[in-house]
Amino acid sequence: MRLKHLSLTNFRSYARLESEIPDGILLLKGGNAVGKTSILESLFYCATFSTTLAQQDRHLIRFEAESEDPAVARIVVVYDVEGKERKLEIRLILEGAADVRRFRKEILAEGRKTNAQSAIGQFPAVLFLPHMTEIIDGAPGERRRYLNILLSQSIPGYARALSQYSRAVLQRNALLRTLGERGGDPGQLAYWDELLAAHGAFLTVHRAQAIQTLASLAQSALLRLTDGREILSMRYVPALRTFDETFFQDSASSGAAKEAERIAAISSLIRTNLEADRALDIRRGVSTVGPHRDEMRVMTNAVDVGTYGSRGQVRTTLLALKFAEVDWLKDKTGTIPLLLLDETFSELDASRRRELMRLLNGGGQAIVTTTDLINFSADFLGRQTVWEIRGGIMDKNPERVPMDSNSAAGDALT
Amino acid sequence: MALIPESVQALIDAFSRLPGIGPRTASRLTFFLLKNESDAGEALAEALTKLKSETAFCPECFNIMSAGKERCDICDSNGRDNDVICVVESPMDVIVLEQSGGYFGKYHVLHGALSPIEGINPEDLRMKELFERVEKGGFTEIIVATNPSMEGDATALYIRRKLDRLPIQFSRLARGLPVGGELEYADPNTLLRALSGRQKF
Ligand SMILES: [Zn+2]
């Protein structure tokens, strides 16, 4: 995939931005809070159709435009897949009088309205933000989000199953609370249990299968990053009793039939779990089993990195997971995803930077933000496109400040 | 100081609350009524007042009917199949099914679908009345034509479970409709196909 053009209107700090995007690696240089990350955010929105950095999607609308009626933020990307030009447009719309403001979004693929679940996966991207170490050492929700974003982009039907499942959980929880407060026929739960079992099984099976593959991809990456010293493994811990891990380790048989068989088995396991917990769930007013409570642990040399890893180890392991994400998307979508790296280089040591460079030079397209160019060698900068952002303005011919020839060149990228 | 007089803003807001009407359309409608010299505004106001005062729900099927009548025309008719009952979410669904020309039985309007999130539970719908009607006997088939949404499906399953023990055939109409489509938006041909292809469930 190759991104050719980005257009933003009323997105974050950008009133208007029209820009061709060069091939290869684009370095965006600029101070803090000048809008570098917003560029990455807008592009990642085209991959996921939900915000990664804002509290709510409506906050992506430029503050100064927010009171207009309607207030519309727009992201348009023109990109190329196997020589075919494509266009994706997203409109975030806030409308109505102050007290009845309504938010909605429209997604247009090739100019035709579509929905997120159909359009997801057309514009695959991998985003790397400094605080994403939370995927390793943060709350379980961070790891579920990592899996959901990745699998929604690459497994047909995953985004739909996730949205149906999430809605069914909300409905079931609301019903549990009604039953707990006012009593009533618990038989009403049967239908929601059925939905949780069917969609939940789809999510569980795909997560289990993906984690196996991701673990082996991330393992090779981490071996490269640590000169063979650290062996990564991952463990899927679904929120289901009597879940049998070995059920997924039978790699001899795979394919659609095997997958259907697994989904049927997990579906009945979820149903059994839900039925056994029914009284407990009614007392608590929440559904206590199922993929919305899943966990995934990452280990190196059999030690849990999230719990025991040093800051540096966590960072390196995250890098390995991100490499795995790129390889996974390449394999599943048949195209190299767009790489979006925010302030990633400054936190890494020289050898990790070199590995990251190798990834960037792997033929894909990348957009990299940085506050200064000190981490990059003059030679590297000479080969890449460097633009500077100042207060929402893109300067495409900035003064290049390659690193001082007297400083230690060892750390620089070459 | 408000730019728009309060009464004008009030009508814009009232229009905005209607389904399918955005703020722009609401303003356009309001300013149209304001400057229009014909009696469009008066006619609208009168129609709106009569809407509530001169309509009522049929005590048997809960479809809308003219106030003062004992039962609706469909319940009153002698020319319909008395052994088939079709359960729908709204009076609009009855109109659509009638226009399809492929259904000749009776109706029951629930006025919604089960949705715990929105606080819509069985007792908030015309469920009890449906069960009483069916238990009285006389129907051999019940067609559940709630929308093919998660909530419509939940409602259909709830009804089936409640009436499971009765010797009555169940069918679900929604299968022939496009996924996510509502009965209201289905064209007559799609509906006819759905009616003839309805499945036991
Ligand atoms: Zn009637």
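Q: Which residues of H4(A) meet which residues of H10(A)?
A: In this predicted model, Leu150(A), Gln153(A) and Ser154(A) of H4(A) meet Glu325(A), Trp328(A), Leu329(A), Lys332(A) and Thr333(A) of H10(A), where contact means that C-beta atoms, placed from the backbone, lie within 7 Å. Local features need pLDDT of at least 70 and side-chain atom pairs count only at pLDDT 80 or more, while totals for chains, interfaces and linings use all residues. Residues are numbered from 1 along each chain as its sequence is written, with chains lettered from A and ligands numbered from 1 in the order in which they are written.

Q: And what's in that contact by class?
A: The contact of H4(A) with H10(A) has three nonpolar, three polar and two charged residues.

Q: How are H4(A) and H10(A) angled, and why is that roughly parallel?
A: Helix H4 (residues 140-154) and helix H10 (residues 311-333), both of chain A, pack at about 20° with axes 9 Å apart, and H4(A) is therefore roughly parallel to H10(A) (angles under 35 degrees count as such).

Q: Switching topic, where do H6(A) and H7(B) touch?
A: The axes of H6 (residues 189-225) of chain A and H7 (residues 150-163) of chain B come within 9 Å and cross at roughly 130°. From H6(A) the contact has Ala190(A), Tyr191(A), Trp192(A) and Leu195(A), and from H7(B) it has Met150(B), Asp153(B), Ala154(B), Leu157(B), Tyr158(B) and Arg161(B).

Conventions:
Axes fitted to C-alpha atoms, helices over the stretch in contact; angles between N-to-C directions. Helix = DSSP H or I, 4+ residues; strand = E, 2+ residues; numbered from the N terminus. Contact = placed C-beta atoms within 7 Å. Parallel < 35°, antiparallel > 145°, perpendicular 65-115°, else oblique. Nonpolar A, V, L, I, M, F, W, Y, C, P; charged D, E, K, R; others polar.
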